[in-house]
Amino acid sequence: MTGATKLTRRGLLRGFGAAPVIASCAGPSSGEAAAEAVSPADPLIDAVAIGPGLAPLDLRLNGAARTVEAAPQATLLALLRDQLAITGTKEVCDRGACGACNVLIDGEVRSACMTLAHDVAGREVTTVEGLATSGAPSPLQRAFVELDALQCGYCTSGMLISCSALLSRARGPLSRAQIQGAIAGNLCRCGCYEQVIAATLSAAGERSAL
Amino acid sequence: MSQEEDSLTKNVRLRLGFADQLREVTVTTPKDEPRPWDADSALTVVGQPTPRVEGSLKASGAAVYTHDVRLPGMLYAAILRSPHACATLEHLDVAAALAQPGVVAAVPLAKVGDRLRFAGHDVAALAARSRDEARAALSAIAVRYRPEPFVVDTLEAMQPGAPQVHAAAVSERRTEGDEPGEASGGAARGNVRLGPSQSKGDHKKGLRQAKVTHSATYTTQVHTHSALETHSLVVRWEDPRRMTVWCSTQGIFSVRDEMAEIFGLKPADVRVITEHLGGGFGAKFGASAPGSRLGYAAGELARRAGAPVSLCLDRREEQLCTGNRPDSIQQVTLGAGADGALTAIHVVAHGSGGIATGAGVGRSAFGVYSRCPNIKVESHDVFTNAGPSTAFRAPGHPQGAFAIELAIDELAQKMGRDPLALRLAHVEHAVRRYQLELGRERFQWAARRAEAEARRARGARIRHGVGVACSIWGDYGRAKAAVVTVSVGRDGAIFVRNGAQDLGTGIRTVLGQVVAEVLGRPLAEVTVLIGDSELGPSVGSGGSQTTSSVAPAARNAAEMVRAQLAELAARLLDRPISELSWGTDGSARAGRRSLPFRELCQKIEGEAVVASATRPKTYGAHPMRYPGGDNYQIAGVQFAAVELDTWTGELRAAEILAIHECGRTHNPLTARSQVQGGVLLGVSYALMEARVIDRRFGQVLNPNLESYKIAGARDLPAIDVVFCEVHTGANSTGAVGIGEPATIPTAASIACAALHAIGRPVRSLPITPDRVLAALAGQDGA
């Protein structure tokens, strides 16, 4: 690998298929084969080499454009919580096992602890703080409170992210099984799953009644 | 009663009891105590399902937990831990770590020559400008260990010649999370430390009289709390004699006292703040974790660095060092006469809380089947080189309930008796009997038992099973421990202040409801401030005592405020106070004249009307005798239905009916959540969770949340929660606890249902497919 090497965690995690790995490791001067193997629209592949110190990145965070500096090894979770002091997203296991740090990246649910900060360059990140619309809680957030879908509240932001994503992608009426599937990766130690399911069904009902 | 005592008390007639068993009872209360709420009290706010008042903070991400505290100049701490199951520390030098990037302070947590008794034991701590720098610098600490023989298996540790975990006697360490009672005596034999026994009658004689006996060994696993927010604290020195501590704790005042003791400060000079905490389940009393000196580490690092220090354990540390529910090996022997009446219950339990004490098995075997005349329960601690146990939601009880309840079912099977009928024949507690009978109907016990047996008889692949088990817990509401302050300002603003912490149970909301009820104002007008030691003395949230200690104090303070407001109103309306009444909208009325609340408040002389109050000791009114204990015994029963795939051995909890009581249910919405949570914890304990420790290397293999399995949304049974409200007349609001009772009988009821489905017992928790398949294949006990 040359000095211009760029290596992203996402590129590696995408799978061990040779082409994407080679492509993501390839420098600007490598051959056309690598360029063909990836989508030119992928902003990750267009990134320049970063590190070892802090490097800037642009992202949209909860609807606002932000330019921040992050170390190449910093996770999105560390960026949010330690650097930006946006602490609604919780750290519980720090290895993708519990869903407490779930955020939306371009609308998809992702563990912030398993995502490098630089992997969200050019992307839209939504945390629990971004679920409200100009200060007004979303119908899902309201249902969580009204139906008591939280006790200690430490899993709540991750649960809300998983269920919000389900609500925005689901077509037609929701089933319990769909919600159980959506939160299968969200652990709650107080035991609020039933109320989370009820709150999500209630928010979905409210939406379909509109 | 002496004249002096008489002048301090009064008698009130209350209607007490439950369901259709209500009666007039005379209760003696202190003279200044308001008339306790009883069955005739028509309340409009207390008892209504009420969303928790901090809900929107938690659902918006704005709630600040200890992990979220960010202070200017704050440093991050990390701890070096021994990798050995047992080792002597031969060399330790933290100086080199100070030269690492970002490191500001380092302190040893062990001395050369110390025996480090489990893998995860504290060695040294340091603080750096970032978490990454702190963790990276740990490897620069110079340390050398001399590994020693160790034992991590409970049975092995009991053998003569096993490596000795503790060289000297170990005194029992109790927290507010433990059930009140005597600490164990402590005579030791090898790694076995003899515990207290509970005894009545003569169990040996009872066994001699028996026509049928059942004797078997039941084992349970180590269960970790796995609270989502790890143990954490942030320490900021305000000056050399004063500190502020943000701590994820169930006991603000036990943190205050511990920090004051460690650093030689006056308790009043330590301020502790816990605005919100991400679960505790018994493991979060005091500044330190049971297996890690977090309070000293964070405080000393902050002192040396001259900067605030945040110490948040990572998940691995949380699973290793912060407590667990001990395992158990319980030898249960039951005897019954020809008529089916129990003649004896004898339990000998050994359990290991690792390097700590506390492996008792609760009071189920002693207190529930109280018609049995001869009972002896002995429980002993076995030390092993593993992380220390600590109180965990109903310490001892779930493991004790599992063994005695499954043994009762096996005895019933042997005698060809219905296990529910056998229970009813031995339960004296009127509420528990009522609950068992209610459940029998509601769960369709007879029909479901018959259906399950028919399936088993015809060899169906999918089998069903139905079981039942009971809980016992005491009303530990504490007198004079919590002081609540209520104030009403000239602008009508109502504040409630107390230094309690909200574990997630909803105490903030309950306090608001109680005060709103007394003052006749909407809950939205009441601001509840808790979570800070400066807000007045309070109790730790353990032993199911928060609501029963704090809510009556809140009522008493609110009543005093109302009395002052009434006096003011009487003056303004120019009527004698005896004519004054308080409207449900908070207005003061006398004759045809009334004064709305706001107008009245405007006439307050000075800023506000303020009163502080506590609660007296439990009046202990109804019923007068509490089978199973000296104070009021909280009753609960759970019925379980399981589904078993005989091909795969997978056993699922399909349905749980949880019938409980918490005296007067103050907030049915949050109480229901708490019971559901207790049930789910029990399901997880029954079927999934087990800390796995490698015998050869003494290492925990699953200190995480991916291979330590806790129940998820797909493991959720249908949970039917029924509150059977009991008017005990115990205190001014009638609150008794619910947190612990809710999780006690779940695993037991599932094990009994598993016996019903399989036809043979699985006598070890968790009930995993391999054990189920072994039982199906004919191995008793699996």
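Between chain B and chain A about 3800 Å² of area is buried, and carbon and sulfur atoms give 53% of it; buried area here is the accessible area, taken with a 1.4 Å probe, that two parts lose on being put together, summed over both. On the side of chain B, the residues that lose the most area to chain A are B:Ala59, B:Leu228 and B:Ala713, together 17% of what that side buries. This is a predicted model, in which local features need pLDDT of at least 70 and side-chain atom pairs count only at pLDDT 80 or more, while totals for chains, interfaces and linings use all residues. Residues are numbered from 1 along each chain as its sequence is written, chains are lettered from A and ligands numbered from 1 in the order in which they are written, and side-chain values use heavy atoms, with hydrogens and water left out.

**The interface**

Chain B brings 52 residues to the contact and chain A brings 43 residues, where contact means heavy atoms within 4.5 Å. Eight salt bridges are found across the interface of chain B and chain A, a salt bridge being a side-chain nitrogen of Lys or Arg within 4 Å of a carboxyl oxygen of Asp or Glu. A salt bridge joins the side chains of A:Arg95 and B:Glu706, at 2.7 Å from N to O.

**Aromatic pairs**

Over all chains there are eight aromatic pairs; rings of Phe, Tyr and Trp (its six-membered ring) pair if their centres lie within 6.5 Å, and planes under 30 degrees apart count as stacked, over 60 as edge-to-face and the rest as tilted. Two of these pairs are set out below.

| Pair | Centre distance | Plane angle | Class |
|---|---|---|---|
| A:Tyr154 and B:Tyr65 | 4.8 Å | 75 degrees | edge-to-face |
| B:Trp237 and B:Phe263 | 5.4 Å | 90 degrees | edge-to-face |

The pair of A:Tyr154 and B:Tyr65 crosses between chains, and both residues are buried, that is, under 20% relative accessible area, with exposed over 50% and partly exposed in between (1.4 Å probe, protein chains only).

**Charge over rings**

B:Arg325 has its charged end over the ring of B:Phe392, 4.5 Å from the centre, and B:Arg325 also lies over the face of B:Tyr685, at 5.6 Å from the ring centre. A charge sits over a ring if NZ of Lys or CZ of Arg is within 6 Å of the ring centre and within 35 degrees of the ring normal.

Methods
Helix = DSSP H or I, 4+ residues; strand = E, 2+ residues; numbered from the N terminus.
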